[in-house]
Amino acid sequence: MSMELFTSFDAQVEKMQKQNKQYIDVFEEYLKIQNLSEKTIRQHIEHIDFYINEFLCHYEPKEMCVGCYELSAFFSPFGIGKDVCTSEYNVSLYSASIKKFYKLMCEKGFIKAEDYQHLLKSLKIEKECWIDELKHGWK
């Protein structure tokens, strides 16, 4: 990769992560209002930060809304999520955080309702497949 492309990529990632911070801040405030424990709030924030700032920006910077369509790539045995979702429990935790985050993003008008519905459908249909793949040898 040429230095110019590398610099452009870094600039795009930085811009995306700056925007994502605003979404994460909105999410954190929402979680605090829900009277969740600090540990639970921190866990949700860490999951979402990893999903939208690491995973979605890993190969090419993607906007937060694209995350509604990237769950299979994240949870696949070849995706970056395999490094953090090493158990059925972790898959469930990440799924819950992602679902909660994108529900709020939809309610706030940051994503379209059809994008959120796609995410819900993916979670409902594919989550058991991700867990099954995990049980049968992701590593």
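Predicted model: local features only at pLDDT ≥ 70, side-chain atom pairs only at ≥ 80, totals over all residues.
Figure 1. At 38% relative accessibility, Lys32 counts as partly exposed. Because Lys32 and Glu28 are 4 residues apart in helix α1, about one helical turn separates them.

**Figure 2. The salt bridge between Lys21 and Asp25.** Both residues belong to helix α1, which comprises residues 3-33, and they are 4 residues apart, about one turn of the helix. The side-chain N to O distance is 3.1 Å. Lys21 is partly exposed, at 48% relative accessibility, and Asp25 is partly exposed, at 32%. A search of the whole structure finds 4 salt bridges, and the pair of Lys21 and Asp25 is one of them.

**Figure 3. Glu70 and the salt bridge to Lys62.** Glu70 occupies the loop between α2 (38-55) and α3 (71-75). The side chains of Lys62 and Glu70 meet at 3.6 Å, N to O. Is Glu70 buried or exposed? Its relative accessibility is 17%, below the 20% limit, so Glu70 counts as buried. Lys62, at 24% relative accessibility, counts as partly exposed. Leaving aside neighbours within four places in sequence, Glu70 is in contact with Tyr51, Phe55 and Leu56 as well as Lys62.

Figure 4. Leu71 is buried, with a relative accessibility of 1%. Residues up to four places away in sequence not being counted, Leu71 touches Tyr51, Ile98, Leu119, Ser122, Leu123 and Trp130. The C-alpha atoms of Leu71 and Ser95 are separated by 8.9 Å, although these residues are 24 residues apart along the chain.

**Figure 5. Helix α2 and its buried residues.** The helix has 18 residues and reaches 24 Å from its first C-alpha to its last. This span is close to the 26 Å expected at 1.5 Å a residue. The buried residues of α2 are Ile41, His44, Ile45, His47, Ile48, Phe50, Tyr51, Ile52, Asn53 and Phe55. One of them, Ile52, touches Asn20, Ile24, Cys57, Met64, Phe101 and Tyr102, not counting residues up to four places away in sequence.

**Figure 6. The largest nonpolar core.** This core has 33 residues, and those with the most contacts inside it are Tyr51, Ile52, Phe75, Phe101 and Tyr102. Helices α1, α2, α3, α4 (88-107) and α5 (113-135) each supply at least two residues of the core. Which helix gives the most to this core? It is α4, with 8 residues. In soluble globular proteins, nonpolar side chains tend to be buried together.

**Figure 7. The packing of α2 against α4.** The axes of α2 and α4 are 9 Å apart, and the two helices pack at an angle of about 80°. The angle falls between 65 and 115 degrees, and α2 and α4 are therefore roughly perpendicular to each other. From α2, the contact is made by Gln43, His44, His47, Ile48, Phe50, Tyr51 and Ile52. From α4, it is made by Leu93, Tyr94, Ala96, Ser97, Ile98, Lys100, Phe101 and Tyr102.

**Figure 8. The packing of α4 against α5.** The axes of α4 and α5 cross at roughly 175° and come within 11 Å. As this angle is over 145 degrees, α4 and α5 are therefore roughly antiparallel to each other. On the α4 side, the residues that meet α5 are Glu88, Val91, Ser92, Ser95, Ile98, Lys99, Tyr102, Lys103 and Cys106. They meet Ala113, Tyr116, Leu119, Leu120, Leu123, Lys127, Ile131, Leu134 and Lys135 in α5.

**Figure 9. Asn35 in the loop between α1 and α2.** Phi of Asn35 is near 60°, a positive value in a residue other than glycine. Asn35 is exposed, with a relative accessible area of 70%.

Definitions and conventions. Residues numbered from 1 in each chain as written. Heavy atoms only, no water. Contact = heavy atoms within 4.5 Å. Expected span 1.5 Å × (residues − 1). Buried < 20%, exposed > 50% of the residue type's maximum accessible area, 1.4 Å probe, protein only. Core = buried A, V, L, I, M, F, W, Y, C linked by side-chain atoms within 4.5 Å. Axes fitted to C-alpha atoms, helices over the stretch in contact; angles between N-to-C directions. Parallel < 35°, antiparallel > 145°, perpendicular 65-115°, else oblique.
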